[in-house]
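Dear colleague,

Please find below the structure that I am handing over to you, together with its sequence. My notes follow it.

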Amino acid sequence: MKIVYPHMGTLTMVAEQLFEEMGQEPVTPDRPTRQTLALGARYAPEFACIPFKLCLGTYLEGLERGADTIVSGGGYGPCRAGLYGEIHKRILNDLGHDPEFFFFWPPLRKPLDFFKKMSRVKGAASWFDLVKIIRRAWAKLSALDQLELLAQDIRPCERQKGNTSRAFDRGAAYLESARGLPEIEEARRAALQELERVPRDEEAEPLRVGIIGEIYVQLEPFANLYVEETLGEMGVRVLRSIYLTSYTKHDVISTRGDLRSKKLARPYLPQLIGGHGQNSVGDVIRYSRIGYDGVVQLAPFTCIPEIVAKSLMPHISREYDIPVLTLFIDEQTGRAGTETRLEAFVDLMLQRRERGRELKKQPGQSHLSCSLTG
């Protein structure tokens with residue numbers, strides 16, 4: 001099988017190795033471009049979200065390169081993502097394509113069907129080998145998450161903008177080419193050393209911002225207009241609420257989600273509303289409790305779970321004294337405008353921090369809080 005799959009941050013290089021070692025031929029997607037998005041938007045329903053359009057564009061590009069099978073994940077609960085596989089299939093069929101589809105619906109059931117089918121393909125890995133293959137893929141996934149976390153920690157303190165991102169790309173390339181467990185571990189250490197060598201301002205006092213919201217726009221830099229990198233170069237240390245390893249544990253192997261966030265959200269949003277909407281509410285409270293300066297909520301335009309979560313943000317922002325900036329993103333959203341809004345948000349947080357230091361000398365005063373939307 002020639003397999004194409006969505007590009008979602010660093011997941012792509014792990015999926016490439018996984019499919020190769022399983023005896024298949026991955027048609028590895030390139031990072032999405034404006035052309036990819038325009039292609040998907042041309043054939044997608046008008047009010048479909050940006051992840052739907054980017055995935056559709058990626059599938060079409062992959063099919064043009066000879067792919068005959070599409071593998072992707074799906075949502076669960078009252079989220080439209082649970083229907084995207086069927087809609088993608090119908091659109092592609094109408095365009096004259098007839099690929100085989102495998103969509104993984106949590107918890108792990110469909111993957112077993114997929115592995116059973118691949119085990120019957122000539123040259124496919126055995127079930128015994130599959131355990132080792134998954135172990136190697138998990139090691140690489142964990143190493144990439146570790147690399148991202150270190151980059152997020154270093155970027156706001158770098159002496160020259162762009163050094164951290166370049167070091168991260170070099171480190172990711174080491175991990176991408178690694179295959180066996182010893183080689184992956186060696187590449188992990190080399191990648192971390194690349195970041196550690198980035199010259200830093202040891203006296204910097206970066207702001208701390210939590211990034212929450214829908215998984216695809218959190219993990220795919222093109223989909224969020226490189227918000228994470230932009231904030232880092234503005235002197236902000238970011239921490240996402242979702243990483244690939246945590247998503248695998250909380251949302252793929254099971255459907256329970258991150259119970260820490262759901263417990264915090266329960267007084268305000270006591271039921272599952274699909275996607276990561278409930279988590280977004282709880283994550284704002286969690287970031288407030290650990291002393292973060294602000295939160296950026298990333299949401300695809302028309303994403304119902306994040307719209308519901310956003311409606312609670314002004315109240316939670318006031319109650320927990322933490323500013324929240326909501327960014328709704330679609331194919332019309334521009335990077336320049338987004339950067340301008342982030343700059344204003346950073347200025348607000350800096351003013352709050354300075355005011356907070358002054359208010360420590362004036363007992364009884366309160367901090368400024370706000371919620372911004374867009």
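Strands, like helices, are DSSP runs numbered from the N terminus (E, at least two residues, for strands; H or I, at least four, for helices). Seven of the seven residues of β7 (residues 294-300) are buried, so the strand is largely enclosed by the rest of the structure.

This is a predicted model, in which local features need pLDDT of at least 70 and side-chain atom pairs count only at pLDDT 80 or more, while totals for chains, interfaces and linings use all residues. Residues are numbered from 1 along each chain as its sequence is written, and side-chain values use heavy atoms, with hydrogens and water left out.

β7 runs parallel to strand β5 (residues 207-213), to which five bridges join it; two strands pair if DSSP finds at least two bridges between them. In this pairing Gly213 stands opposite Leu298. Strand β8 (residues 324-329) also pairs with β7 in the parallel sense, over six bridges, and Phe328 in β8 stands opposite Ala299.

**The second largest pocket**

The second largest pocket has a volume of about 550 Å³. A pocket here is an open set of points on a 1 Å grid over the protein atoms alone, where a 1.4 Å probe fits, with protein on both sides within 12 Å along at least five of seven lines; lining residues have an atom within 4 Å of a point. The volume is the space filled by probe spheres set on the points, which are joined across faces, edges and corners.

The lining comprises 25 residues, of which Thr10, Arg31, Phe168, Asp169 and Pro221 lie nearest the centre. Two or more residues each come from α1 (11-21), α6 (127-154), α7 (163-177), α9 (215-219) and α10 (227-233). The largest share, five residues, belongs to α7.

**Glu228**

Glu228 lies in helix α10 and is buried, with a relative accessible area of 15%. The side chains of Glu228 and Gln152 are joined by a polar contact of 2.8 Å (a pair of N or O atoms within 3.5 Å; within protein, one must be able to donate a hydrogen and the other to accept it, and residues adjacent in sequence count only if both atoms are side-chain atoms).

Yours sincerely

Technical notes
Buried means under 20% relative accessible area, exposed over 50%, partly exposed in between (1.4 Å probe, protein chains only).
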